[in-house]
Amino acid sequence: MTAPPLAMRERVLEAAVTLTTDDGWAHVTMARLAEVVGVSRQTVYNEVGSKPALAEAMILRELDRFLGLVTVAFDAHPTELVEAIRAASRAVLEASQDNQLLRAIVSATHGADTELLPLLTTHAGTLLSTAKAVVVERVAPYDVGLAPAQLDAAIDMVVRVVLSHVMQPSAAPDRTADDIAWVSARVLRAHGA
């Protein structure tokens, strides 16, 4: 049985990721994408809009993959929030080590190749809000004993810490996940959860 053909948008994004990882973001153009995908330039524009919109779509596509790992980790630990946080953090950090697009973005150090980096750092609003929304949804079934504002602050900190370690790891994923779980446990314990 063969896999169904990819939707046009997915084909464009896949080609954009490949071009970015192989040649750098500066060499990604709508014309080149159209050529690789085998469609007109107008079709590429219709699917993804402008080059900045393409960049955001690529980042959000990768984020969706990472958030799938978060969902699996929480599903595996339906009664133990700290263990769910540990497993989700570890899964994301391990996956980030092998993510070619992420490596291409983080390692870009010159010219236009740095255009993608702000989407993961200084202009990461969409990325952060999307990730937080998924984690909020996943934490909701647990009895955490925190006021909504405190819970929001705790989730925000965990998401930001994980993202920081994705961008610049300081230890092995297992060790970092253990540290994040330790901090999470202390926050939850301090508030009677």
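**Figure 1. Overview of the protein.** Buried residues account for 40% of the 193 residues in the protein. The model is predicted. The fold has 10 helices and zero strands. Along the sequence, the pattern reads α-α-α-α-α-α-α-α-α-α. Of the contacts with a separation of 6 or more, 68% are between residues 24 or more positions apart. The accessible surface is about 10,400 Å². Carbon and sulfur atoms supply 56% of that surface.

**Figure 2. The aromatic pair of Phe 74 and Tyr 142.** The count of aromatic pairs is one. Phe 74 and Tyr 142 form this pair, with an edge-to-face geometry. The ring centres are 6.0 Å apart, and the planes make an angle of 70°. Phe 74 lies in helix H4 (residues 51–76) and Tyr 142 in the loop between helix H8 (125–139) and H9, so the pair ties together parts 68 residues apart in sequence. Phe 74 is buried, because its relative accessibility of 3% is under 20%. Tyr 142 is also buried, at 11% relative accessibility.

**Figure 3. The salt bridge of Arg 138 and Asp 75.** In this salt bridge the closest N and O atoms are 2.3 Å apart. The pair links distant parts of the chain: Arg 138 sits in helix H8 and Asp 75 in helix H4, 63 residues apart. Arg 138 is buried, with 19% relative accessibility. Asp 75 is partly exposed, with a relative accessible area of 48%.

**Figure 4. The salt bridge of Lys 132 and Asp 152.** The closest N and O atoms of this pair are 3.3 Å apart. Lys 132 belongs to helix H8 and Asp 152 to helix H9, so the bridge ties together parts 20 residues apart in sequence. Lys 132 counts as buried at 18% relative accessibility. Asp 152 counts as partly exposed at 38%.

**Figure 5. Other salt bridges.** The whole structure holds 14 salt bridges. One of them joins Arg 32 to Asp 23, with the closest N and O atoms 2.4 Å apart. Arg 32 is partly exposed, at 31% relative accessible area. Asp 23 is partly exposed too, at 33% relative accessibility. Elsewhere, salt bridges link Glu 10, Glu 14, Arg 61, Glu 62 and Arg 65 in a network.

**Figure 6. Surroundings of His 165.** His 165 is placed in helix H9 (residues 148–167). Its side chain makes a polar contact of 3.4 Å with the side chain of Ser 170. Beyond neighbours within four places in sequence, His 165 is in contact with Leu 93, Ser 170 and Thr 176.

**Figure 7. A nonpolar surface patch.** Trp 182, Val 183 and Val 187 form this patch. Together they have about 270 Å² of accessible area. Trp 182 is in helix H10 (residues 173–190).

Definitions and conventions:
Residues numbered from 1 in each chain as written. Predicted model: local features only at pLDDT ≥ 70, side-chain atom pairs only at ≥ 80, totals over all residues. Heavy atoms only, no water. Patch = residues over 30% accessible without salt bridge, like charges linked within 9 Å, V, L, I, M, F, W, Y side chains within 5 Å. Areas by Shrake-Rupley, 256 points an atom, 1.4 Å probe, with all protein chains shown as cover. Salt bridge = Lys/Arg side-chain N within 4 Å of Asp/Glu carboxyl O. Helix = DSSP H or I, 4+ residues; strand = E, 2+ residues; numbered from the N terminus. Polar contact = N/O pair within 3.5 Å; in protein donor to acceptor, adjacent residues only side chain to side chain. Contact = heavy atoms within 4.5 Å. Buried < 20%, exposed > 50% of the residue type's maximum accessible area, 1.4 Å probe, protein only. Phe/Tyr/Trp six-rings, centres within 6.5 Å; stacked < 30°, edge-to-face > 60°.
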